[in-house]
Amino acid sequence: MSMLKDLFIGLSQNQFLNSAAKKYGLKLGAQSVVAGTNIEETIRSIKELNAHGISCTVDNLGEFVYKKEEATEAKEQILEVIEAIHKNQADAHISLKPTQLGLDIDYNFCLENLTEIVDRASKYDMFINIDMEDYSHLQPSFDILDELSKKYDNVGTVIQAYFYRAEEDIQKYKNYRLRIVKGAYKEPEEYAYQDKKDIDTNFIKLIEWHLLNGKFTSIATHDHRIINHVKDFVKANNIPNDKFEFQMLYGFRKDMQLQLAKEGYNFCTYVPFGKDWYGYFMRRLAERPQNLNLVAKQVFTKKTNTMIGLAAGAFLLGRVSKKK
Ligand SMILES: Cc1cc2nc3c(=O)[nH]c(=O)nc-3n(C[C@H](O)[C@H](O)[C@H](O)COP(=O)(O)OP(=O)(O)OC[C@H]3O[C@@H](n4cnc5c(N)ncnc54)[C@H](O)[C@@H]3O)c2cc1C
């Protein structure tokens, strides 16, 4: 299982395959977990979820941004999404990644891009979530949040339970709307718990702490055991429904998403869209290789897919990055 995880994390970091994938539409089953390649398709998907009482957080997919023009393009796209959400009166807000907006190019340039986005969203009373990436981007992302918070209150972030420092961070940011997750990247023992049990224990501890002491909690997981635990915990502690929501990724556990919304819980689906779907999709395969079923379905119901050949070829040729 760990070998497969490493394989997909490696594939997610492969820039050659990433560029190749951009030229194709959604392939390999990615269309089941990516809402669309453009804004129109994405608004349609959001409206469908809204009709079931589900709100959305929209992520304009983007990887390997090392040029200012690319980051500016990503910013323009996100501004367009904000306008489209507002115009279509969709129940949705934005999730974004600082690296897509230039964090690896220049901190101040990235901060300027985020400021423009948060400022535009604030006019529509729309929330912006700063997604958290790997450890090397953690502190600069919190620094950006601190800067933005001096002027805006429509911004929050993510706490990753696998980090030892997560407890300290959640206490510092208790007055923020926070999404709490287990953590998606491969991090070294120096900074992060490695054992699933330790991560789950910390995850529950952080969720309970923020539910009791924090502003608003987004519990982002597909893990039914955690969800059931939270349901019991909020009931036992009289925590009202408007203090928290459950979140899951688009296309995952759809029946459970609908069921939770039907039960009266606030539910928010993370809706990724865009041409740059490849890295996101590979990370989802890394988390849960059973998602390969999605791929298999595509392969056996459609013609053999070029991307599968490319992916396998690159792996066999040892082109896969071994960074993490
Ligand atoms: C909305 C959202 C936003 C996120 N944002 C970030 C972020 O900003 N930064 C970050 O690092 N990570 C983020 N993540 C990813 C997160 O950190 C985890 O990597 C990811 O959610 C996998 O962990 P899990 O809690 O869902 O359950 P896992 O630990 O993957 O699974 C636990 C158990 O749940 C069940 N299960 C899980 N998935 C399924 C499924 N599809 N079908 C059936 N059973 C299933 C299985 O029994 C499994 O053993 C986000 C996740 C979500 C849902």
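Predicted model: local features only at pLDDT ≥ 70, side-chain atom pairs only at ≥ 80, totals over all residues.

Modeller: Let us begin with the strands and helices: a strand is a DSSP run of E of at least two residues, a helix is a run of H or I of at least four, and both are numbered from the N terminus. Residues are numbered from 1 along each chain as its sequence is written, and side-chain values use heavy atoms, leaving out hydrogens and water.

Colleague: Why does Asp 119 count as partly exposed?

Modeller: Buried means under 20% relative accessible area and exposed means over 50%, with partly exposed in between (1.4 Å probe, protein chains only). Asp 119 has 25% relative accessibility, so it counts as partly exposed; this residue lies in helix α5, residues 107–123.

Colleague: Why is Gln 89 called exposed?

Modeller: Gln 89 reaches 70% relative accessibility, and therefore it counts as exposed. Gln 89 is found in the loop between α4 (68–87) and β2 (92–96).

Colleague: What makes the pair Asp 119 and Tyr 152 a polar contact?

Modeller: The term asks for a pair of N or O atoms within 3.5 Å; within protein, one must be able to donate a hydrogen and the other to accept it, and residues adjacent in sequence count only if both atoms are side-chain atoms. The side chains of Asp 119 and Tyr 152 make such a contact at 2.7 Å, although the two residues are 33 residues apart along the chain, with C-alpha atoms separated by 7.6 Å.

Colleague: Which distance separates the side chain of Thr 221 from an oxygen atom of the ligand?

Modeller: An N or O atom in the side chain of Thr 221 is 2.6 Å from that ligand oxygen, while a polar side-chain atom of Arg 179 lies 3.0 Å from a ligand nitrogen.

Colleague: What is noted about the phi of Arg 253?

Modeller: Most residues other than glycine have a negative phi. Arg 253 is not a glycine, yet its phi is positive, at about 45 degrees. With 36% relative accessibility, Arg 253 counts as partly exposed, and its place is in the loop between β7 (244–249) and α10 (254–262).
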